[in-house]
Amino acid sequence: MQIVPMTAQHVAALAALERACFSDPWSEAGLSEELDNPHAVFRVATEGDEVLGYVGMHHLVDEGFITNVAVFPEYRRCGIAAGILEVYLNFAKANQLAFLTLEVRQSNAAARELYRSGEKKINEEIRPYLA
């Protein structure tokens with residue numbers, strides 16, 4: 001598995017991934033806009049030319065806001081999301097971020113377990129409107 005910066009070549013596959021994972025998915029246009037966003041830090045897990053998953057983050061001053069974590073269902077529980085999140089933890093250290101945040105539904109037990117596992121230093125925010 002390789003973890004690479006998102007490029008225009010990834011957008012169609014990421015839009016399909018979004019539709020497979022979320023009830024309110026990002027569109028191809030929305031993902032494409034992030035390519036020109038100077039605050040966007042999007043990374044894609046690939047195996048050869050195949051997209052396995054991705055994580056998006058917005059970096060503002062000393063804060064990182066993770067926007068989405070998504071892995072195609074057939075590749076879940078293989079360490080892909082954890083591998084990409086490790087890239088962000090290293091990014092946070094290298095850029096001296098005070099913290100990383102993300103929102104996760106209370107009902108998403110698998111994601112909550114991942115974010116709390118090991119030495120992960122991600123602050124989990126759970127807002128009532130996501131419950």
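Okay, some ground rules. Because the model is predicted, local features need pLDDT of at least 70 and side-chain atom pairs count only at pLDDT 80 or more, while totals for chains, interfaces and linings use all residues. Numbering starts from 1 along each chain as its sequence is written, and side-chain values use heavy atoms, with hydrogens and water left out.

So, the layout. The protein has 4 helices and 6 strands, and from the N terminus they go β-α-α-β-β-β-α-β-α-β. Those are DSSP runs: H or I of at least four residues for helices, E of at least two for strands, numbered from the N terminus.

On burial, 40% of the 131 residues count as buried, meaning under 20% relative accessible area with a 1.4 Å probe, protein chains only. The exposed surface comes to about 7,400 Å², with 49% of it from carbon and sulfur atoms; that's Shrake-Rupley, 1.4 Å probe. As for contacts (heavy atoms within 4.5 Å), take those with a separation of 6 or more: 53% of them join residues 24 or more positions apart.

Now the backbone. Most residues other than glycine have a negative phi. Which residue has a positive phi of about 65° although it is not a glycine? That's R77, in the loop between β4 (63-71) and α3 (80-94). R77 counts as exposed because its relative accessibility is 68%, and the cut-off for exposed is over 50%.

Then there's Q96, also not a glycine, with a positive phi near 50°. Q96 sits in the loop between α3 and β5 (99-103), and it is exposed, at 68% relative accessible area.
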